[in-house]
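Work through the following exercises with the sequence and the model side by side. Try each task before reading its solution.

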Amino acid sequence: MAFQQETPRADASAAPSDHPSASTVEVRPEIRYDPAEIETRWQARWAAQPQLYAAEPATSRKPKYYVLEMLPYPSGQLHMGHVRNYAIGDALARYMWMQGYNVLHPMGWDAFGLPAENAALKNNTPPREWTQKNIAQMRVQMDRLGLGYDWATEVTTCLPDYYRWNQWFFLRMYERGLAYRKNSKVNWCPECQTVLANEQVIDGYCWRHEDTLVEQRELEQWFLRTTQYAQELLEGLDKLDGWPERVRTMQRNWIGRSKGATVGFAIEGRNDVVKVFTTRVDTIYGATSLQLAPEHPLIRAFAEQDAELAKQVSTLIDQQSLAREANDVGGIEKHGVFTGHYAINPFTQERVPVWAANYVLLDYGTGAIMSVPAHDERDYEFATKYGLAIKQVIQERTPTETAATLPFVSEEGVLVDSGEWTGLSCADAQRKMTDFAKAKGFGEATITFRLKDWGVSRQRYWGTPIPMLYCAKDGIVPVPNDQLPVLLPEHVEITQEGGSPLAKLPEFVDAICPKCGGPARRETDTMDTFVDSSWYFYRYTSAKDATAPFDTAAVAYWFPIDQYIGGVEHAILHLIYSRFWTKVMRDLGLITNDEPAARLFTQGMVIKNGAKMSKSKGNVVSPDEMIPRYGVDAARMYSLFAAPPDRDLDWQEDGVAGVSRFLSRVYRFVMRHAALTRGASPAAESSSAATALLRKLHQTIRKITQDFGGRWHFNTSIAAIMELVNELTAADAAIAEGKIPAATVASILESLILMLAPFAPHLSAELWEQIGRKDGILRHAWPKFDEALAREEEIEVPVQINGKLRGLIRVPVEASREVLEAAARADEKLQAALAGKTVVKVIVVAGKLINFVVR
């Protein structure tokens with residue numbers, strides 16, 4: 001191999017041809033670090049070994065480790081935000097290989113989705129062609145980054161061999177009542193021209209189009225019954241102690257469990273009963289009205305008999321729709337209208353007026369509330385506005401002479417003016433009044449959830465076809481298993497107008513009913529793309545299986561995922577859906593694990609110009625720009641060094657340049673002393689300088705080992721390597737003069753290269769060979785630290801006088817209190833500071849500080 005060379009120079013850092021005992025130094029040219037040459041050569045070698053990153057079969061005797069970064073959407077180009085995510089996972093995978101684990105580290109493509117349709121419109125390119133071209137480009141980029149993926153396990157969700165299993169799962173859910181169809185008010189994005197799940201609406205705007213307000217529409221849709229697993233999804237969070245508390249809290253809030261009672265209010269003069277869910281049945285004696293959602297069936301019935309009421313209700317509906325679109329129902333200005341009807345409070349038998357109110361939602365709870373203005377802020381605001389009665393039925397346990405400020409919302413009070421329950425605590429009253437309602441037949445204890453069923457219908461082309469048929473004779477008919485997959489047609493005109501493009505293709509729509517043999521109409525909606533990402537990680541374990549979604553034995557071996565890595569923005573969408581899907585598959589008997597991933601890590605974002613790096617914001621930095629200037633290893637290492645992995649990283653190109661200079665220093669240092677690793681005698685006498693270097697080496701190994709096993713402070717791991725290299729560089733002359741035994745230098749060089757391997761794989765592989773190692777570095781054992789060698793012999797202890805720092809002293813690590821105090825008093829600087837003062841007290845914290853209290 002031909003190296004480019006720098007101008008020869010004669011200095012103490014230049015290495016001799018062998019290890020002399022004399023102080024003479026041979027002048028020799030230094031070899032310049034050329035990352036482009038080194039990285040290209042090693043990538044070619046790795047590409048020639050297709051099994052290099054392959055996991056061993058489930059029969060392996062090694063402990064298993066499944067590390068996974070969330071699969072990307074193939075937008076066409078990676079940016080440095082992606083690089084950071086993948087560099088974290090790749091560093092971990094390489095470390096676990098070196099720790100002797102059987103590692104599964106796959107990659108794939110979340111390939112269905114709207115951007116492909118947008119590109120088809122913009123560039124007149126079919127979505128399939130656009131997607132496959134982008135995958136090819138991004139695969140080249142990933143290989144160029146030296147990422148250690150086993151491409152034999154690659155999954156592409158837009159291919160029939162994958163999405164046929166989406167359809168298969170849908171049919172299994174349909175058989176069990178988990179997939180169903182209903183009319184529903186849905187979120188509609190005018191830009192996407194499709195339905196969005198609740199989780200895809202962010203502050204009233206589309207999750208993909210941040211400046212597009214989402215509208216409300218009434219459509220017939222397919223849903224998956226996520227609510228059937230709401231309690232288990234909630235309880236399971238307590239077992240996920242390897243997940244960030246932030247993510248678990250977000251999921252708890254989204255699932256939103258409420259415990260209370262459902263109580264029926266009979267409508268006076270009608271056979272209707274309005275059911276109300278309340279968490280405060282203890283306040284029911286203070287209910288002074290019922291308020292119903294403006295779209296409640298009973299309000300609709302009232303409005304049909306009253307034109308003026310119908311007009312007012314229509315206004316309420318419009319107000320609510322605007323608030324929904326702005327995702328601000330909670331902040332809506334409250335308006336209502338009295339219907340002219342009354343309900344009977346089942347506890348008091350008193351008449352209460354029935355109102356329609358714009359802040360009550362039909363799809364939340366029962367679509368009706370009992371209004372208790374004395375004990376609820378929202379109800380108080382409404383009652384005050386419309387002059388409704390306000391009746392206090394809860395007061396403090398120890399009443400004061402001054403009247404309580406209303407609304408009084410505490411549950412730490414007692415009941416008043418509440419019939420036979422007066423005097424009870426709120427908690428006792430809630431339990432006893434619920435039991436009473438059940439015994440009398442007008443109520444029962446109830447648990448509700450904020451979580452709604454998952455609407456999976458999308459009116460677009462580029463997604464998994466829903467495998468259902470509509471027959472005039474037999475109604476809804478599932479597509480038989482032997483007719484899967486229902487294939488997407490290849491030649492489709494995409495306009496994003498007038499519903500799904502598939503509905504305009506007779507060759508797709510027209511089908512034969514498998515039950516009666518008559519004509520049938522094929523479902524033209526496609527599945528939400530979050531279906532694709534809800535189970536893809538199981539497919540990685542047997543990606544080519546044509547007979548099942550995955551091999552159950554392989555899944556039993558690999559799952560749960562040991563470490564899952566991705567952005568916190570997926571806490572609600574992908575991570576709840578994937579947990580739901582896992583539980584469904586378990587109940588289908590396909591798997592035994594309850595959760596998909598034992599540990600979750602959410603990396604910080606890469607920020608440039610004050611905003612998250614993204615194509616839409618025009619602030620993307622491509623690795624293709626960084627690699628020619630600084631090299632792959634520098635770009636990867638900077639993304640791990642510039643900030644803790646869980647924090648946002650403020651992009652600075654100067655930082656990449658700095659890391660590149662550091663790697664150049666490492667390269668030159670190792671190349672100067674590589675010859676010392678061959679034939680070094682282990683019996684050579686050590687020195688204090690050698691001991692100091694070995695101590696720093698073992699401290700560095702300990703630091704990085706602990707970082708990988710703990711909080712992944714890769715930034716401080718890399719900083720520790722830099723400190724070690726600084727000390728090695730400072731010892732260059734001593735090494736050249738033979739003051740550091742060759743065996744010590746050889747040990748240090750070997751461990752230094754091994755520690756760099758997870759962060760800078762190309763340079764490490766190159767230097768590993770340069771020191772004469774023939775075995776590959778990828779699965780070479782990680783260096784072990786010696787605790788005794790890593791322990792400092794002396795430490796610096798700060799000395800204070802009346803709490804103010806006055807100096808530092810060096811003492812043995814195990815120094816006693818007496819030795820510490822004596823050393824401090826012997827220090828000339830501290831003697832001067834204590835002169836003329838009386839020492840009242842000496843506070844010693846062993847190994848930490850000494851404080852002289854003087855006057």
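**Exercise 1. Prolines and backbone angles**

In which loop does Pro560 lie?

Solution. Pro560 lies in the loop between helix H14 (552-558) and E26, where helices (H or I, at least four residues) and strands (E, at least two) are DSSP runs, numbered from the N terminus. Before going further, note that this is a predicted model, in which local features need pLDDT of at least 70 and side-chain atom pairs count only at pLDDT 80 or more, while totals for chains, interfaces and linings use all residues. Residues are numbered from 1 along each chain as its sequence is written, and side-chain values use heavy atoms, with hydrogens and water left out. The next step is to look at the bond that joins Phe559 and Pro560, which is a cis peptide bond with omega of about 0 degrees. A cis bond also leads from Leu484 to Pro485, with omega near 0 degrees, and Pro485 lies in the loop between strand E22 (475-478) and helix H12 (506-509).

Now find where Gln349 and Asn802 are placed, and describe their phi angles.

Solution. Gln349 belongs to the loop between strand E13 (336-344) and strand E14 (351-357), and although this residue is not a glycine, its phi is positive, at about 65 degrees. Asn802 is in the loop between strand E31 (794-801) and strand E32 (804-812), and its phi, near 50 degrees, is likewise a positive value in a residue other than glycine. As for accessibility, buried means under 20% relative accessible area, exposed over 50%, and partly exposed in between (1.4 Å probe, protein chains only). Gln349 is therefore exposed, because its relative accessible area is 55%, whereas Asn802, at 44%, counts as partly exposed.

**Exercise 2. The surroundings of Thr194**

Is Thr194 buried or exposed, and which residues does it contact beyond its neighbours in sequence?

Solution. Begin with the position: Thr194 is found in strand E6 (residues 194-196). Its relative accessible area is 0%, so Thr194 is buried. Contact means heavy atoms within 4.5 Å, and once the neighbours within four places in sequence are left aside, Thr194 is in contact with Asn187, Trp188, Cys189, Arg458, Gln459 and Arg460.

**Exercise 3. Salt bridges**

How are Glu37 and Arg41 placed relative to each other along helix H1, and which parts does the pair Glu569 and Lys612 tie together?

Solution. Side chains of opposite charge can pair when their charged atoms come close. A salt bridge is a side-chain nitrogen of Lys or Arg within 4 Å of a carboxyl oxygen of Asp or Glu, and a search of the whole structure finds 41 of them. One of these joins Glu37 and Arg41 at 2.9 Å, N to O; because they are 4 residues apart in helix H1 (residues 35-47), about one helical turn separates them. Glu821 and Arg825 also meet in a salt bridge, at 3.1 Å, and they too are 4 residues apart, in helix H25 (residues 817-826), and so separated by about one helical turn.

In the pair Glu569 and Lys612, the closest N and O atoms are 3.9 Å apart. Glu569 lies in the loop between strand E26 (563-567) and helix H15 (573-587) and Lys612 in strand E29 (residues 611-612), so this pair ties together parts that are 43 residues apart in sequence. Glu569 is partly exposed at 45% relative accessibility, and Lys612 is partly exposed at 34%.

**Exercise 4. A three-stranded sheet**

Solution. The 3 strands form an open sheet in the order E29-E28-E30, with mixed pairing, where two strands pair if DSSP finds at least two bridges between them. E29 and strand E30 (649-650) stand at the edges, and because each has a single partner strand, one side of each is left without a neighbour in the sheet. Strand E28 (residues 606-608) and E30 run parallel and are joined by 2 bridges, and Ile607 stands opposite Asp650 in E30.
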